[in-house]
Amino acid sequence: MIEFSQIPEWVMLGLPVVIVLVWMKTVRSKRHSASESHFSSEYFKGLNYLLNDEQGKALDIFVKLVEADWETIDTHFALGKIFRKNGEIDKAIKIHQGLMSRPSLPEKYRSSVLLELGYDYLGAGWFDRAEGLFKEVLNHDPKSETALQNLIIIYQQEKDWYKAIAAAECLYQENPNKIGLMISQYYCELADIARAKGDLSQLERDAKKALYYDSTSVRASILLADMAMSAGEFKKAKHLLEQIEQQDTEFIPVVMNKIVECHHRLNEAESLLEYLDALEKRQDSLPLLESHAKVLERYKGRDAAIDYVMVKLKKNPTLQGMGQLLSYSDTDNTTEATMIMHGLLTAIDAIQQDQATYQCKQCGFKSNTLYWLCPSCQHWGSVKPYLCEPSC
Ligand SMILES: [Zn+2]
């Protein structure tokens with residue numbers, strides 16, 4: 001007799017599902033005819049094998065039963081899912097391959113079995129085999145959303161952006177916002193590749209396509225702006241960078257140095273100061289103090305920068321503001337007060353360096369690197385600049 005504690009964990013987790021399915025089958029069998037009660041006893045026999053960790057014998061029974069009544073196929077799918085979730089992919093594959101090899105498999109279940117087997121191969125990391133199966137599903141049902149979504153996952157993993165675009169375009173009409181955002185990112189990936197190869201015309205074509213599918217693509221605007229800056233087209237670059245405020249305001253601090261650089265190159269000191277004043281009024285929650293103070297110091301002198309920071313600090317005391325103010329202390333002066341200020345500045349720098357620069361809006365993943373595809377939850381465009389508490 002098997003001890004309770006000896007029952008494998010996967011059986012305990014999956015057992016309720018199997019019992020419900022068996023119960024449903026039993027009830028249905030009773031409704032149909034007494035002769036079908038044979039099914040129930042066979043099912044319990046199979047269950048008994050499962051409980052005794054004799055999956056091979058259990059599977060033999062379930063395969064015989066499904067051939068006699070394909071309506072019981074859900075039991076196989078449930079078992080396959082339990083094995084897959086438990087990491088026993090080989091057993092899940094065995095179940096689904098067993099079903100596929102049955103000449104009597106009804107056509108209406110063929111796609112479902114192919115999908116399940118595809119999930120098994122994905123779980124095992126066999127992308128080529130999974131791709132073949134999902135494509136086969138599309139042969140039977142060209143609009144299968146599940147098959148297309150899984151093909152997209154595979155092409156993303158393989159960084160085959162052209163195939164990812166082709167698959168995503170099949171889903172675009174159904175959900176243009178969500179799918180458009182993905183296609184846009186794929187074109188940005190292609191634009192990045194073109195940039196690495198020095199193919200500027202391809203880079204421009206891909207970045208513009210990215211903007212076509214997602215007009216709020218900050219990534220595409222940055223790609224085009226970088227290209228314009230490299231070509232000395234600072235007016236064009238400035239326009240592209242400033243429009244990011246409409247695309248996604250939170251990214252303005254990320255491109256602020258580039259905006260300032262464009263104005264410098266165009267000798268537009270006054271318009272830069274006006275732009276920064278107006279931007280600060282429009283977006284008072286953005287961390288723009290350091291950039292603004294640097295521009296003031298460059299064009300209006302150190303005292304103007306200090307005055308500006310003092311006003312900002314009185315209105316809203318922040319670590320960033322204090323750090324900026326302390327940075328104006330005389331570095332050549334070695335008096336005790338100056339040394340204390342240097343110590344404070346170092347401490348503030350250390351606190352700020354400990355804070356993440358970016359955070360995923362979907363899963364909360366924090367990083368100091370800007371990822372366009374979140375490494376944690378695999379969402380595109382969900383990692384944004386991390387705006388910490390107002391006091392930091
Ligand atoms: Zn995430």
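Hi everyone, this is a short tour of some side-chain contacts in one protein model. The model is predicted, so to speak of local features we need pLDDT of at least 70, side-chain atom pairs count only at pLDDT 80 or more, and totals for chains, interfaces and linings use all residues. Residues are numbered from 1 along each chain as its sequence is written, and side-chain values use heavy atoms, with hydrogens and water left out.

Let's start with rings. Rings of Phe, Tyr and Trp (its six-membered ring) pair if their centres lie within 6.5 Å; planes under 30 degrees apart are stacked, over 60 edge-to-face, and the rest tilted. The structure has 10 aromatic pairs. In one of them, Tyr 187 and Tyr 213 have ring centres 6.0 Å apart and planes at 10°, so they are stacked. Tyr 187 belongs to helix α10 and Tyr 213 to helix α11, so the pair ties together parts 26 residues apart in sequence. Helices here are DSSP runs (H or I, at least four residues), numbered from the N terminus. Both tyrosines, Tyr 187 and Tyr 213, are buried, meaning under 20% relative accessible area, where exposed is over 50% and partly exposed in between (1.4 Å probe, protein chains only).

Now for charges. A salt bridge puts a side-chain nitrogen of Lys or Arg within 4 Å of a carboxyl oxygen of Asp or Glu, and the count is 23. Which residue does Glu 189 meet in a salt bridge? Its partner is Arg 219, at 3.2 Å, N to O. Glu 189 lies in helix α10 and Arg 219 in helix α12, so this pair links parts 30 residues apart in sequence. Arg 219 is buried, at 4% relative accessible area.

Conventions:
Helix = DSSP H or I, 4+ residues; strand = E, 2+ residues; numbered from the N terminus.
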